[in-house]
Amino acid sequence: MIDPGFFITFEGGEGAGKSTQIRFLAETLRAAGHEVVLTREPGGTPLAEAIRGLLLNAGDPPEAMTQALLFAAARFDHVSRVIRPAMRAGQIVLCDRFADSTRAYQGEAVAEDALEATILLGTSGLVPDLTLLLDLPPEAGLARARQRGTAGDAFERADLAFHARVRARFLALARREPDRIHVVDADRPAEAVAASIRALVVAHTAIDLAGAGA
Ligand code: TYD
């Protein structure tokens, strides 16, 4: 049976504005009368949030394959307990990062076939209906992320060259799956980025943004 809901993921490097944009889209969808679930990875369930703490606050970060397996475990819990039930109930799930983040970040150090095996298990085959890749140069993104005033998690502390390779891997994924992954220029004012996102949702899903209350 095909789930009646929709699953939209937001991807991109650090400081691309994903969390702001995901909130904007949630507001737009709710105003149009849709039920929306806003969630994030790693996280989204108590167990997955605990795994998030292990991964992001590790003083001595584990090997990339260990990271991939932990992301997969967190993701399986999240998909089975939150995302699939919401989709079955006809809700729209907006998720801040999903499996493409594993490809972009852990893809640095884990062979592709092994990584895809962890992803297949973690997602249990669930693929987003639409992925919005918020793209901007890593210099700009890291500057924004550091302005938040926190010390930064283990990934934010990685060097600029690493973040440039993460960006290149995200863009390569978008070229490989152009029907699903759409690149949004995030180096613009937030309202312009939000307008592009609304246009992509209208163009590439059957979601009606002009519904009740819009
Ligand atoms: P988060 O604070 O959510 O980052 P951001 O605000 O940039 O979205 O931290 C998530 C970090 O985890 C981020 O640096 C990317 C990394 N990550 C992976 O390496 N692999 C994954 O599969 C996921 C979901 C995240």
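## Elements around the ligand

Three helices, α2 (46-56), α3 (64-88) and α4 (99-105), each contribute at least two residues to the shell around the ligand. The model is a predicted one. Helix α4 gives the most, with three residues of the shell.

By residue class, the shell around the ligand comprises eight charged, five nonpolar and three polar residues. Of the 16 residues around the ligand, those that come nearest are Glu14, Lys18, Arg97, Thr102 and Gln106.

## Pocket and polar contacts

The ligand sits in the largest pocket. For arginine 97, a polar side-chain atom lies 2.9 Å from an oxygen atom of the ligand. For arginine 52, an N or O atom of the side chain is 3.0 Å from an oxygen atom of the ligand.

## Backbone geometry

Most residues other than glycine have a negative phi, and most peptide bonds are trans.

Arginine 97 belongs to the loop between β3 (92-96) and α4. Proline 42 is found in the loop that runs between β2 (36-40) and α2.

## Salt bridges

Side chains of opposite charge can pair when their charged atoms come close. The structure contains 14 salt bridges.

One of the pairs with a salt bridge is aspartate 100 with arginine 103, where the closest N and O atoms are 2.9 Å apart. Both residues of this pair, aspartate 100 and arginine 103, lie in helix α4. Their spacing is three residues, about one turn of the helix. Helix α4 is also the element that gives the most to the shell around the ligand.

Note on methods
Residues are numbered from 1 along each chain as its sequence is written. This is a predicted model: local features need pLDDT of at least 70, side-chain atom pairs count only at pLDDT 80 or more; totals for chains, interfaces and linings use all residues. Side-chain values use heavy atoms; hydrogens and water are left out. A residue is near a molecule or strand if one of its heavy atoms lies within 4 Å of it. A polar contact is a pair of N or O atoms within 3.5 Å; within protein, one must be able to donate a hydrogen and the other to accept it, and residues adjacent in sequence count only if both atoms are side-chain atoms. On a 1 Å grid over the protein atoms alone, a cavity is a set of points where a 1.4 Å probe fits but cannot get out, and a pocket is an open set with protein on both sides within 12 Å along at least five of seven lines; lining residues have an atom within 4 Å of a point. A molecule sits in a cavity or pocket if more than half of its atoms lie within 2 Å of its grid points. Helices (H or I, at least four residues) and strands (E, at least two) are DSSP runs, numbered from the N terminus. Ala, Val, Leu, Ile, Met, Phe, Trp, Tyr, Cys and Pro count as nonpolar, Asp, Glu, Lys and Arg as charged, and the others, Gly among them, as polar. A salt bridge is a side-chain nitrogen of Lys or Arg within 4 Å of a carboxyl oxygen of Asp or Glu.
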